[in-house]
Amino acid sequence: MSRLRISERGDTIVEVLIAIAIVSLVLGGAYVSARRSLQMNQRAAERVEASKVVEQQLEKLKTVAAQPDNDLFASDTTEPYCIDGSLVRQDNLNECRFGPDDGGSGRYQVQIFRDSSSDGRYVFNVRAQWDRLGGGDPQMLNAYYRVYP
């Protein structure tokens, strides 16, 4: 009669270390992917907020340009400026910080530049600049508005 012998062999330390290394690689890859996705979502949200701020400035610019006694087309308006909530031109750029709802964090520095062309039209460049959350290079968004006075 033969005796059955059941092997009670466990995992060796090398096998355990290899399993830990594989699990670590998978978890590390998942972390990097999730972090990159979070950063991209944050950048997109900042850009959407900046576009809202620029759109608000464009609407204010359109309103002021439609008024007969505006100073947008004066010859000395080559310096950057912004338009505040009461539709007054602000030459002090420290006053030109806005959030997405004009009462927000003031993260976005807004500047309006005016260029004139030979055909009598004026092109306004509305620029928003901001520092990314978490650091990094400053970001910028430009929008252009053409006016025939």
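What is the handedness of the link of C82 and C96 about the S-S bond? The link is left-handed, with -85 degrees about that bond. The model is predicted, so local features need pLDDT of at least 70 and side-chain atom pairs count only at pLDDT 80 or more, while totals for chains, interfaces and linings use all residues. Residues are numbered from 1 along each chain as its sequence is written, and side-chain values use heavy atoms, with hydrogens and water left out.

A search of the whole structure finds one disulfide, a disulfide being a pair of cysteine sulfur atoms within 2.5 Å. The bond joins C82 to C96, with an S to S distance of 2.0 Å. C82 lies in strand β1 and C96 in the loop between β2 (89-90) and β3, so the pair ties together parts that are 14 residues apart in sequence. Strands (E, at least two residues) and helices (H or I, at least four) are DSSP runs, numbered from the N terminus. C82 is buried, at 0% relative accessible area. C96 is buried, also with a value of 0%. Buried means under 20% relative accessible area, exposed over 50%, and partly exposed in between (1.4 Å probe, protein chains only).

Helix α1 spans residues 13-66 and has 54 residues. From its first C-alpha to its last, α1 reaches 79 Å, close to the 80 Å expected at 1.5 Å a residue. The expected span is 1.5 Å times one less than the number of residues. Buried residues in α1 are E46, A50, V53, V54, Q57, L58, K60, L61, V64 and A65.

The largest nonpolar core holds 24 residues. Such a core is a set of buried Ala, Val, Leu, Ile, Met, Phe, Trp, Tyr and Cys residues joined through side-chain atoms within 4.5 Å. V54, L61, L72, Y81, F124 and V126 touch the most other members. The elements that give two or more residues to this core are α1, β1 (82-83), β4 (108-116), β5 (122-130) and β6 (139-147). Helix α1 provides the largest share, seven residues.

The structure holds four salt bridges. A salt bridge is a side-chain nitrogen of Lys or Arg within 4 Å of a carboxyl oxygen of Asp or Glu. One of them pairs the side chains of E49 and R107, at 4.0 Å from N to O. E49 lies in helix α1 and R107 in the loop between β3 (97-98) and β4, so this pair ties together parts that are 58 residues apart in sequence. E49 is partly exposed, with a relative accessible area of 28%. R107 counts as buried, at 18% relative accessibility. E46, E49 and R107 are linked in a network of salt bridges.

Another salt bridge joins E59 to K62, with the closest N and O atoms 3.6 Å apart. The two residues are three apart in helix α1, and are thus separated by about one helical turn. An α-helix has 3.6 residues a turn, so residues three or four places apart point the same way. E59 is partly exposed, at 46% relative accessible area. K62 is also partly exposed, at 35%.

D91 forms a salt bridge with R89, and here the closest N and O atoms are 2.8 Å apart. D91 is partly exposed, with a relative accessible area of 48%. R89 is buried, at 18%.
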